[in-house]
Amino acid sequence: QAEDFPGSDVFLMDFDTAFAAGDGTAVISIGNPEKAEHIGRVIPGLNNSLINIAGTTQKAVEVQVGVVAERSQEWAANNSAVVGWLGYDAPNGFVDGYFPDEARQGSQALAKFTRELRAGSAESQADPAIHDYGHSFGTTVQGLATCGGMKVDDSVHLGSPGTSCAASEQLRHGAERVWAATAVDDPIHLAAIMAPLGPNPNWDPDARRLSLDSRKKQSGHGEYFEANTVGIENIALLQTGDHGLVD
């Protein structure tokens, strides 16, 4: 329902039911990315497809709702767009996600999408600030892209199993600020210790910490975008450009 997206229109930027043998692709923006000064991108991890695209879209909605709470409905409508980006073939299951092949392909698609976003807004405004909010294997996708030089303002790694970069500091080849957060009881810690996907931003002393709220349903592996939590409030602050206020 349109009324579920406060202060924002909804834009279908890409949709392909045949992609990846029927897993499909979809890119949905809450807010107009052609006029927004701040563009956020929610990048999901494994076991995501068109079947559960509503979950990725809802995460984008929660970020935009947080922006409304931090600023106003009018500010969000005029200055912020948050994209649910399922623009790659997400791994199906843990075995598939053990290897970075899909992440490499996804990183190329994400970098291409970044160029398209900047080109789309170039005629109407200055270069927008881009904030990436990767979850799980999605952080591997964005990690490879930023290590390769994709320029973003904030690269946020939530529940990351690793970036597949040669070294965590390479994230700063493209990201102005690197953030990391993993819930204490997130089982992804085990995958990170095994390190099949390379350096983890949680262990990077130069990565900034983004606080979570374990008291308000922000625990485990799937609750990083829960409404009314410290974590989503911090993400909303990044989305409004107030990174200096992040706890």
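## Salt bridges and a nonpolar patch

Tyrosine 98 sits in the loop between helix 3 (94–97) and helix 4. The model is a predicted one. Tyrosine 98 is partly exposed, at 39% relative accessibility. It belongs to a nonpolar patch on the surface, together with Phe99, Leu190 and Met194. The four residues together have about 440 Å² of accessible area.

Now to helix 4, which covers residues 101–121. Aspartate 101 and arginine 104 both lie in this helix. Three residues separate them, about one turn of the helix. The two form a salt bridge, and their closest N and O atoms are 3.3 Å apart. That pair counts as a salt bridge because the N to O cut-off is 4 Å. How exposed is aspartate 101? Its relative accessibility is 45%, so it counts as partly exposed. Arginine 104 is also partly exposed, with a relative accessible area of 45%.

Charge pairing has a simple basis. Side chains of opposite charge can pair when their charged atoms come close. A search of the whole structure finds eight salt bridges. The next one spans more of the chain.

Arginine 172 and aspartate 204 meet through their side chains in a salt bridge, at 2.9 Å from N to O. This pair links distant parts of the chain, 32 residues apart. Arginine 172 lies in the loop between strand 6 (152–158) and strand 7 (175–181). Aspartate 204 lies in the loop between helix 6 (188–194) and strand 8 (208–209). Are the two partners buried or exposed? Arginine 172 is partly exposed, with a relative accessible area of 31%. Aspartate 204 is buried, at 4%. The limit for buried is under 20%, so aspartate 204 falls inside it.

Strand 7 covers residues 175–181. Glutamate 176 forms a salt bridge with arginine 177, and the closest N and O atoms are 3.1 Å apart. Glutamate 176 is exposed, with a relative accessible area of 53%. Arginine 177, by contrast, is buried, at 8%. Which residues are linked with this pair in a network of salt bridges? Asp154 joins Glu176 and Arg177 in that network.

Methods. Residues are numbered from 1 along each chain as its sequence is written. This is a predicted model: local features need pLDDT of at least 70, side-chain atom pairs count only at pLDDT 80 or more; totals for chains, interfaces and linings use all residues. Side-chain values use heavy atoms; hydrogens and water are left out. Helices (H or I, at least four residues) and strands (E, at least two) are DSSP runs, numbered from the N terminus. Buried means under 20% relative accessible area, exposed over 50%, partly exposed in between (1.4 Å probe, protein chains only). Patches are made of residues with over 30% relative accessible area and no salt bridge: like charges are joined within 9 Å, nonpolar side chains (Val, Leu, Ile, Met, Phe, Trp, Tyr) within 5 Å. Accessible areas come from the Shrake-Rupley method with a 1.4 Å probe; for residues, only the protein chains shown count as cover.
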